[in-house]
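Please look over the sequence and the structure below before reading on.

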Amino acid sequence: MAKKIEKNIKQYYSDRAYEYDKTYLRPERQKDIKKLHKLLKYLLNGHTILEIACGTGYWTKTIASVSKFIIAVDINEDVLQIARNRGISSDRVIFIQDDVYSLKKIRNNFTAGFAGFWWSHIPKSKLKGFLEQFHSKLQPNAFVIFIDNLRVEGSSTPISRIDFDGNTYQVRKLEDGREYEILKNFPTKKEILETLGNKIKNLNIKFLEYFWIIYYNI
Ligand SMILES: C[S@@+](CC[C@H](N)C(=O)[O-])C[C@H]1O[C@@H](n2cnc3c(N)ncnc32)[C@H](O)[C@@H]1O
């Protein structure tokens with residue numbers, strides 16, 4: 001079952017590659033998006049970053065303007081191709097195809113980890129294992145940031161079903177009409193705290209109108 005969920009997400013984002021960035025143009029979200037750009041630049045200044053599930057490199061470009069160096073990973077070559085054509089200097093970023101659940105090609109020498117809109121796609125049963133794996137690729141005391149969607153009635157795609165583990169799903173439609181059922185969770189603050197446990201420190205959680213952001217040290 002978990003394999004099918006992961007395959008759906010991989011395929012959906014591959015097929016959506018060329019329309020993905022339109023999500024960042026939604027007028028009602030501009031105020032929040034501007035805040036996130038500003039906050040990420042402030043928080044990731046000077047860091048050597050492992051960015052996972054980087055997609056088309058939308059956030060990579062922002063953080064590349066202030067960080068020392070980024071290795072940005074995604075499973076789909078289609079999105080990485082778009083990211084590589086964003087015009088970010090290769091002195092600042094390397095885009096690598098890899099699976100976030102294994103990160104086989106990644107060594108562990110980063111001062112920070114970042115993931116945009118990825119937490120929400122992880123099945124609940126895999127969250128803790130994923131975090132352990134992600135943290136293991138970072139230096140001791142490294143800084144970690146996740147940003148993701150809040151569920152906003154009338155703006156978010158409706159939930160289509162809930163599975164046995166409490167994961168929620170959406171039916172997403174591409175411009176050409178193809179439909180995909182995608183796991184998309186909207187964790188509460190309590191769930192985020194429970195998932196992170198007591199191994200992390202300096203945790204900050206901020207809720208904007210459409211997005212949440214968390215940052216902490218491992
Ligand atoms: C919601 S998009 C986020 C893209 C980007 N971080 C952003 O915020 O614009 C999720 C990304 O995860 C990637 N992805 C899906 N499964 C993955 C996996 N197992 N390993 C690495 N990346 C994966 C998809 O290709 C997609 O680009």
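This is a predicted model: local features need pLDDT of at least 70, side-chain atom pairs count only at pLDDT 80 or more; totals for chains, interfaces and linings use all residues.

Residues are numbered from 1 along each chain as its sequence is written, and side-chain values use heavy atoms, with hydrogens and water left out.

Helices (H or I, at least four residues) and strands (E, at least two) are DSSP runs numbered from the N terminus, and two strands pair if DSSP finds at least two bridges between them. An open sheet is formed by seven strands in the order β3-β2-β1-β4-β5-β10-β9, with mixed pairing. Because β3 (93–97) and β9 (201–207) stand at the edges with a single partner strand each, one side of each is left without a neighbour in the sheet. Strand β2 (residues 69–74) runs parallel to β3 and is joined to it by five bridges; Val73 has Ile96 in β3 as its bridge partner.

The two pockets are open sets of points on a 1 Å grid over the protein atoms alone, where a 1.4 Å probe fits, with protein on both sides within 12 Å along at least five of seven lines; lining residues have an atom within 4 Å of a point. Grid points are joined across faces, edges and corners, and a volume is the space filled by probe spheres set on the points.

| Largest | About 1,100 Å³ | α1, seven residues |

Among the 49 residues lining the largest pocket, Tyr12, Tyr13, Arg16, Tyr20 and Arg172 are the closest to its centre.
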